[in-house]
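Keep the viewer open as you read.

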Amino acid sequence: MEFKTAKTLKDEKSPTITTDITPLDKCLRGGIRPGKVYELVGKPGTGKTQLCMKLCLNVQIPRYACGLAGKALYFDTRKDFNPARLKELAEDLAARLRCTSKSALTAAQMLQNVYYIDCRNTAQLLAGLLNCHKYLEKEPNIKLIIVDSISFAIRMVNNVSDRTELLMEVHDGMRQLQRMHDVAFVLTNNQGYRRRMSRFQLEAVLGQKHSQLINKRIWLTENECFVGKRSKTKRLICKLFKYTL
């Protein structure tokens, strides 16, 4: 057993997945980290799926460029995944990587490293997540798993207690995978109005239990980015007009 000091742990720099949003990366101590669960929250059209697709490419950044040199697995429940847009993003990243190395990945190679699963209902999503260990045994270099969107799939179940039970089963499956494999999960979630006292407040859906089980919640609006578990306590990280989502 190896002993380390707290200072050693603090100084250790493990590779991360950049979000391409510099202030957000700084807040996340470098970007998306394997072993953690992140959630992107926002209204439709705020760039959640676009950011997910960028992460699927950025996980492939080589280690010489402080990346993970990994692959991605994408669970799509809303049919928002856009292969044509992913190709455009891959071409842009490939061009940037060529500036640092002649042996950089091509856009075509990047697309080959993104695995896609179409989940048309809650049962398919749950089955896919529970079978993830098979995908990871076959492709151990998968370092990022996207679920876009977890709320859309879970809320197909009408009964609230059944919905909560399914959601806890999904979280249990994710944690088991992370104990066995060094992967990051990025989920997308929607917003809905909740009544607090005599006022209605816009909050992330799926409830408090779910909120407690994710590591970081990132809120996206059309021009701003926030971090925080609840709408009331989230803090502004940056304006997004400088960054393309």
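With which side chain does the side chain of asparagine 58 make a polar contact? The partner is the side chain of aspartate 20, at 3.3 Å; a polar contact here is a pair of N or O atoms within 3.5 Å, where, within protein, one must be able to donate a hydrogen and the other to accept it, and residues adjacent in sequence count only if both atoms are side-chain atoms. Before going further, a word on the source: this is a predicted model, in which local features need pLDDT of at least 70 and side-chain atom pairs count only at pLDDT 80 or more, while totals for chains, interfaces and linings use all residues. Residues are numbered from 1 along each chain as its sequence is written, and side-chain values use heavy atoms, with hydrogens and water left out.

Asparagine 58 belongs to helix H3 (residues 48–58); helices (H or I, at least four residues) and strands (E, at least two) are DSSP runs, numbered from the N terminus. At 2% relative accessibility, asparagine 58 counts as buried, where buried means under 20% relative accessible area, exposed over 50% and partly exposed in between (1.4 Å probe, protein chains only). Setting aside residues up to four places away in sequence, asparagine 58 touches Ile17, Thr18, Thr19, Asp20 and Leu93, a contact being heavy atoms within 4.5 Å. The rest of the helix is worth a look too. Eleven of the eleven residues of H3 are buried, so H3 is largely enclosed by the rest of the structure. Among them are Lys48, Gln50 and Lys54, as well as Leu51, Met53 and Leu55.

At the start of H6, a side-chain oxygen of asparagine 121 comes to within 3.2 Å of the backbone nitrogen of alanine 123.

Beyond strand E5, the loop between E5 and strand E6 (191–196) holds asparagine 190. Asparagine 190 is buried, with a relative accessible area of 19%. Leaving aside neighbours within four places in sequence, its contacts include Val41, Lys48, Arg78, Ser149 and Glu203.

Now turn to the strands. E1 (residues 37–41) and E8 (residues 216–220) pair in the parallel sense over four bridges; two strands pair if DSSP finds at least two bridges between them. Leucine 40 has isoleucine 218 as its bridge partner in E8. E8 is mostly covered, with four of its five residues buried. E8 also pairs with E9, this time in the antiparallel sense over three bridges, and the two form a hairpin with three residues between them.

E9 and E10 (residues 235–239) pair in the antiparallel sense over four bridges, with glutamate 224 opposite lysine 239.

Some of these residues return in the largest nonpolar core, which has 41 residues; a nonpolar core is a set of buried Ala, Val, Leu, Ile, Met, Phe, Trp, Tyr and Cys residues joined through side-chain atoms within 4.5 Å. Leu24, Ile32, Leu144, Val186, Ile218 and Cys225 touch the most other members. Apart from this core lies another, of 28 residues, among them Val37, Leu136, Ile154 and Leu166.

Finally, how many disulfides are there? The count is zero, taking a disulfide as a pair of cysteine sulfur atoms within 2.5 Å. For cysteine 27, the nearest cysteine sulfur is that of cysteine 225, 7.9 Å away.
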